[in-house]
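This report covers pockets and helix contacts. Please keep the sequence and the 3D structure at hand while reading.

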Amino acid sequence: MTGITSENLKGTTYDVARIREDFPILRREVNGHPLVYLDNAASAQKPQVVIDTLDEYYREHNANVHRGLHTLSEEATTAYEEGREVSRRFINAGSLEEVIFVRGTTEGINLVAQSYGRTHLQRGDEVLITYMEHHSNIVPWQIVCEQTGATLKVCPIDEHGQLVWESFEALVGARTKIVAFAHISNALGTINPVRRMVEKAHEVGAVTVIDGAQAAPHLRIDVQALDCDFYTFSGHKMFAPTGVGVLYGKKHLLEAMPPWQGGGDMIKTVSFERTVYNALPYKFEAGTPIIAGVIGMAAAMRYLEEVGLDRIAAYEAELLEYGTRRLQEIPGLRLIGTASQKAGVLSFVMDVAHPHDIGTILSHEGVAVRTGHHCAQPLMDFFQVPATVRASLALYNDRDDLDALVRGLEKVRRLFA
Amino acid sequence: MCAGTIEPRHLYRDLILDHGRRPRNLGRLQRPSHRAEGDNPVCGDRLTLFLRLEDEVIREIGLEVRACAICTASASMMSELVKGGAKTEALECASAFKALMAGQEPATHLGDLLSLSAVRQFPSRIKCAELAWHALEAALAGSKSMVTTEEVGS
């Protein structure tokens, strides 16, 4: 199971045309137009190398892991555990024991809320989140607060969609036990000052949980530099298959946490009287793990490393600037989310049409965007919009994609104005 | 299937755009006998329907609507169709409209609402067109609770 050796990716300039060749779906037509895929924040497309890796796994190596003595099981186990090492490197975790495979960001947050939160929170304690969180970083905390009697606090944002730092500082206090926030907001694209937020939380001894779902495909993650306690992200938004993701946790915290789910693989010995749990990271991986998903995700991580996450971030920043400029030229269009530090997202409303109508017209033009509340209803209320249109970028998007978006929006204006 | 092969102009006919821009019977009623709210949490369509019935006849109808053009137009045309008619007729219209969305022949005269028949080619938009009708049924059933597209299915 080798990684790619694509010559496409060598060199110093960012050749988006050659990167596009790595993604077969971009060659398809939609409604008579070339596909313009701008719904990457919802789910990203897969490069050939990920598709091939999955294909090869199922054709050549498929078996259960950590169990069989036979060749296939050993091969599958090796590939699966290689995936852990690739994941460790991808986020610069200190050890393999700190890398737990989960179904995705949502499961990662729920695991922390139920295993860490439920055993550490009590009445009077506070969990702090921000106004820009995805529902998956709100609801798990509401649930655990209800279970433990802790209180959920929400840090406000300003009209650009940026955290209000003074409020954050004021809200982090002696009662604060957990601070959970997005690295990058899915609905706005705001990049939070995560390093400072972690530092602030640590001043009062609170534990930090970072939702990295939108960060993983766009920038280099270094959990040791961030010094965060937990960090979680999904594979499918970073060009890997659906149904797999990573939860990073500091070893001393994970060791002290009870298992979240019981079953096979997470145990050492079982009798009806007593069960001894397995060591990290297996303690948190009950049942047959997401074998193919992890192997596919490792292929995606290797791909991103070969392209270079710093190059991707620089290219996307330029593309975002171009897209912002083009959208601002459209009369009656209002950008939602204008933070100074932003990545990958152009969220907007138009005066002539509801986001849902805009989405239908764009789809007809082959342009895929997300319309709706983006699983962030409190944020929509804050900006007093029912929904937005969200165009979200990935490493394979180019100026032509954004030009197609703008042409589609001009059609919207002609039809509805 | 194949929503995109149909020109958006077939979906957004002039009649629909007109009702979408200037919905009829807009505003809340002073003393409604029935009301219901409709919510499509997926796309953010939201409306409140007010009815004043007398002797099982819809004497007055009022709408508060913050929704897409399809939802707004459907609500507006619905309000014109059922106003002044019997409750039973309104419920027949609701059934007929749902039949239209399901690709069947509506059993009742639907007038301008037939202009929404192209919506059925856009499966993700059918809920938008049906929201006002679910609210109408909920209001007439005496339900004060909110109806959402997610609970009513379809």
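## Second largest pocket

In this predicted model, helix 2 of chain B is the main contributor to the lining of the second largest pocket, giving three residues, the most of any element. The volume of this pocket is about 360 Å³. It is lined by 21 residues, and those closest to its centre are A:Asp351, A:Val352, A:Ala353, A:His354 and B:Ala67.

Elements of both chains supply at least two residues each to this lining: strand 14 (345–350) and helix 12 of chain A, and helix 2 (14–21), strand 3 (57–66) and helix 3 (69–82) of chain B. By class, the lining of the second largest pocket holds 14 nonpolar, three polar and four charged residues.

## Helices 2 and 3 of chain B

Two of the elements that line the second largest pocket, helix 2 and helix 3 of chain B, also meet each other. Their axes come within 7 Å and cross at roughly 85 degrees. An angle of 65 to 115 degrees counts as roughly perpendicular, so helix 2 of chain B is roughly perpendicular to helix 3 of chain B.

On the helix 2 side of chain B, the contact is made by B:Leu15, B:Ile16, B:His19 and B:Gly20. Helix 3 of chain B brings B:Ala69, B:Ile70, B:Thr72, B:Ala73, B:Ser76, B:Met77 and B:Glu80. Six of the residues in this contact are nonpolar, four are polar and one is charged.

## Largest pocket

The largest pocket has a volume of about 580 Å³. Its lining consists of 27 residues, with A:Gly359, A:Thr360, A:Ser363, A:Val369 and B:Ser124 closest to the centre. Two or more lining residues come from each of helix 12 (355–364), strand 15 (367–368) and strand 16 (370–372) of chain A.

Helix 12 of chain A gives the most to the lining of the largest pocket, with five residues. This lining divides into twelve nonpolar, twelve polar and three charged residues.

## Helices 4 and 5 of chain A

Helix 4 (residues 105–120) and helix 5 (residues 139–148) of chain A have axes that come within 9 Å and cross at roughly 20 degrees. Angles under 35 degrees count as roughly parallel, and helix 4 and helix 5 of chain A are therefore roughly parallel to each other. The crossing of helix 4 of chain A past helix 5 of chain A is right-handed.

From helix 4 of chain A, A:Ile109, A:Asn110, A:Val112, A:Ala113, A:Gln114, A:Gly117 and A:Arg118 meet A:Pro140, A:Trp141, A:Ile143, A:Val144, A:Gln147 and A:Thr148 of helix 5 of chain A. This contact has seven nonpolar, five polar and one charged residues.

Conventions: Residues numbered from 1 in each chain as written. Chains lettered and ligands numbered in written order. Predicted model: local features only at pLDDT ≥ 70, side-chain atom pairs only at ≥ 80, totals over all residues. Heavy atoms only, no water. Axes fitted to C-alpha atoms, helices over the stretch in contact; angles between N-to-C directions. Helix = DSSP H or I, 4+ residues; strand = E, 2+ residues; numbered from the N terminus. Parallel < 35°, antiparallel > 145°, perpendicular 65-115°, else oblique. Left-handed = near helix turned anticlockwise from the far one by under 90°. Contact = heavy atoms within 4.5 Å. Nonpolar A, V, L, I, M, F, W, Y, C, P; charged D, E, K, R; others polar. 1 Å grid on protein atoms, 1.4 Å probe; cavity = no way out; pocket = protein on both sides within 12 Å on 5 of 7 lines; lining within 4 Å. Points joined across faces, edges and corners; volume = space filled by probe spheres on them.
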